[in-house]
Amino acid sequence: MAAESPVESVREEAPRPVCLEDFTAPVALQCGHNSCQAPLSPQGRDTEQQGPLRPNRQLANVMELAKPLSFQAAKRARWDGVCGEHQEALTLFCEEDQTPICVVCDRSQAHMVVPLQEAAQEYKEKLETHLKTLREEREKLLRRKTTAEGKSQEYLKWTQAKRQMIVAEFQQLQQFLEEQTQQLLAQLEKLDEEIGRFQIDTVRNLSVQISHISERIGELEGTCQKPGSEFLQDVRSTLSRCETGQFQLPEEISPELEEQVRGFSQKTIALSETLMEFKDTLPSALERARGKSLGAFRQEFPCS
């Protein structure tokens, strides 16, 4: 004989020895037996109370633990194919309780029942319908995932190409600006050379004239120091040389050099205005381009 399970052992010990029903308010009798504090059932095997009653809390705890164990055991037996209560095959299915039952159970209740295999087939078809729907939804999601991944890769390639294009465009712009910078600096250096030559020529001319004037001043000062008779001998010749020896001041700057300076000044003004306009127009042009981006985007990424 197979060993009893712990659940069966508890259930055998749990019923009252008097009426064979579960303890509801267990007490301990003077003789050592267990009973209920409530009046004994007329069908009990012992109708005489034996001595004073003492509450049996330990047995009450056992009964509380036994209730769910017995329910779980019955449930496992039911789903194993055999009715745990009547030991009959589970051939029917109770629609209301959603559980298999045997023919004996069916006689004791008024619930709607169907053959077990028929119920299984019906619910299997319902589950198959749900499975079909779920599989279709999964396929849609998988296709959407594949499309999203493909689009993402396409967009990443596009952004990489645009990144390279932007870098190349600005590198060309930087190269152009560098060339213009070097060109303007070369012109400015040439202008510096012209100004330097003009300065050297002007200083040399002025130095020569200053030297001549200094000599004339020295000569006249010496003449003025001579005695009256000697002084008057050459005074007319001295005055004649003074009148014919007028000196001319050189130009502060030559017209050609002044024109070059004025022309370069206009270039620097144009440079400042152009760069200022460029810094203003580039961001606004990029902002206006956003309005046209949808059409351009669709041209680059036509719908498949």
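## Salt bridges

A salt bridge is a side-chain nitrogen of Lys or Arg within 4 Å of a carboxyl oxygen of Asp or Glu. In this predicted model, Asp-201 and Arg-204 meet that rule, with N and O 3.2 Å apart. They sit 3 residues apart in helix α4, so about one helical turn separates them. Asp-201 is partly exposed, at 44% relative accessibility.

Helix α4 holds another such pair, Glu-194 and Arg-197. Their side chains form a salt bridge at 2.4 Å, N to O. These two residues are also 3 apart, about one turn of the helix. Glu-194 is partly exposed at 24%. Arg-197 is partly exposed at 42%.

Helix α7 covers residues 255–289 and contains both Glu-259 and Arg-262. This pair forms a salt bridge, with its closest N and O atoms 3.0 Å apart. Glu-259 is partly exposed at 47%, and Arg-262 at 42%. Salt bridges with shared partners link Glu-258, Glu-259 and Arg-262 into one network. The whole structure has 8 salt bridges.

## Overall build

The protein has 8 helices and 6 strands. Of its 304 residues, 13% count as buried.

## Confidence

The average pLDDT is 76, and 66% of the residues score at least 70. Among the elements, helix α4 (residues 116–224) has the highest mean, 91. Helix α1 (residues 6–13) has the lowest, 51.

Notes. Residues numbered from 1 in each chain as written. Predicted model: local features only at pLDDT ≥ 70, side-chain atom pairs only at ≥ 80, totals over all residues. Heavy atoms only, no water. pLDDT = per-residue confidence, 0-100. Helix = DSSP H or I, 4+ residues; strand = E, 2+ residues; numbered from the N terminus. Buried < 20%, exposed > 50% of the residue type's maximum accessible area, 1.4 Å probe, protein only.
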